[in-house]
Amino acid sequence: MTSQTPASPAEPVADAEAADDRRYRAPALEKGLDILELLAGVTTPLTLTQIVQRLGRSHGELFRMVQVLEYRGYLSTEAGGDGYTLSDRLFSLGMNQPRTRYLIEVALPEMRQLAQETGQSCHVAVHTMGDMAVIARMESADQLGFSVRVGYRRPLLQAASGVVLYAFQPDDVRARWEALLDPVPTPEALASFRAHAEEVRASGIERTPSRFVGGVTDLSAPILRGRGAAAALTMPYLSKLGEDDAIDAAAAAVQAAAERISAQLVDDDHHP
């Protein structure tokens, strides 16, 4: 009879290491991505020393990487300063993606008509890494209005566009987006957000006072494509003294414009 040697306790660890070795790894690329992701999450410039400290690496590892990223236009420095910030190059690359470019081309004429009809500004936002980001805007046709700049970002949970984008997604996409939320919401906050998203999905529009500007009511409706919302069309409705409040008509106009844009988009199986 042949005896069998018991498995060594170290074998599972060895198996895990072998599995890790089978994955493709690109250390230099990972360092570059670490730098970009770090700078994307801060509001003030970081020096090379601060980048090194926050990433737990050496100056030698990151010095050339930072120099190359700056040379290629992904990082920028303020005049007279030694801190680095993320440039808009990555955002520009995303804007040049054919699907995004086509969305903007379709949306802009409808946004212009909406602004002229209502005397209010409007913008289109998409999802990116747990945030909503504005990719197009149309100024109010009146002398007075309120608008946000292209590139403006907010966590999904903090914006009307965010709840609309989330509300009109299938469950698997919602789960992926929730894993990206930063800061991570409390279970209670996430449950409240989910419940509100269901209300928005049922009504077809978000209508809520702005969290950041007094006198502004955010009206937001989904631009649908494929399995869910490709974008959200949002109007920061500004009540103007001495004029009749036409917010109900404005909300209906936002929904109608979003539906017209949706009808022009190509329906495919792309996952948001």
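Helix 3 (residues 48–55) and helix 4 pack at an angle of about 125°, and their axes are 10 Å apart. Axes here are lines fitted to C-alpha atoms, for helices over the stretch in contact, and angles run from 0 to 180 degrees between N-to-C directions. Helices (H or I, at least four residues) are DSSP runs, numbered from the N terminus. Helix 3 and helix 4 are therefore oblique to each other; angles under 35 degrees count as roughly parallel, over 145 as roughly antiparallel, 65 to 115 as roughly perpendicular and the rest as oblique. The crossing of helix 3 and helix 4 is right-handed, a term used if the near helix is turned clockwise from the far one by less than a right angle. The contact (heavy atoms within 4.5 Å) involves L48, T49, I51, V52 and L55 of helix 3 together with H59, L62, F63 and V66 of helix 4.

The model is predicted, with local features requiring pLDDT of at least 70 and side-chain atom pairs counting only at pLDDT 80 or more, whereas totals for chains, interfaces and linings use all residues. Residues are numbered from 1 along each chain as its sequence is written, and side-chain values use heavy atoms, with hydrogens and water left out.

Helix 4 (residues 59–71) also packs against helix 2 (residues 27–40), at an angle of about 70° and with the axes 10 Å apart. Helix 2 and helix 4 are therefore roughly perpendicular to each other, and their crossing is right-handed. On the side of helix 2, the residues in contact are A28, K31, G32, I35 and L36, which meet E61, L62, M65, V66 and L69 in helix 4.

One aromatic pair is present in the structure. The ring centres of Y166 and F193 are 4.8 Å apart and the planes stand at 50°, so the pair is tilted. Rings of Phe, Tyr and Trp (its six-membered ring) pair if their centres lie within 6.5 Å; planes under 30 degrees apart count as stacked, over 60 as edge-to-face and the rest as tilted. Because Y166 belongs to helix 7 (residues 160–167) and F193 to helix 9 (residues 187–203), the pair ties together parts that are 27 residues apart in sequence. Y166 counts as buried at 3% relative accessibility, and F193 counts as buried at 8%. Buried means under 20% relative accessible area, exposed over 50%, and partly exposed in between (1.4 Å probe, protein chains only).

R99 is located in helix 6 (residues 98–118) and, at 23% relative accessibility, counts as partly exposed. R99 and L265 are 166 residues apart in sequence, yet 9.4 Å apart in space, C-alpha to C-alpha.

How values were computed. Helices (H or I, at least four residues) and strands (E, at least two) are DSSP runs, numbered from the N terminus.
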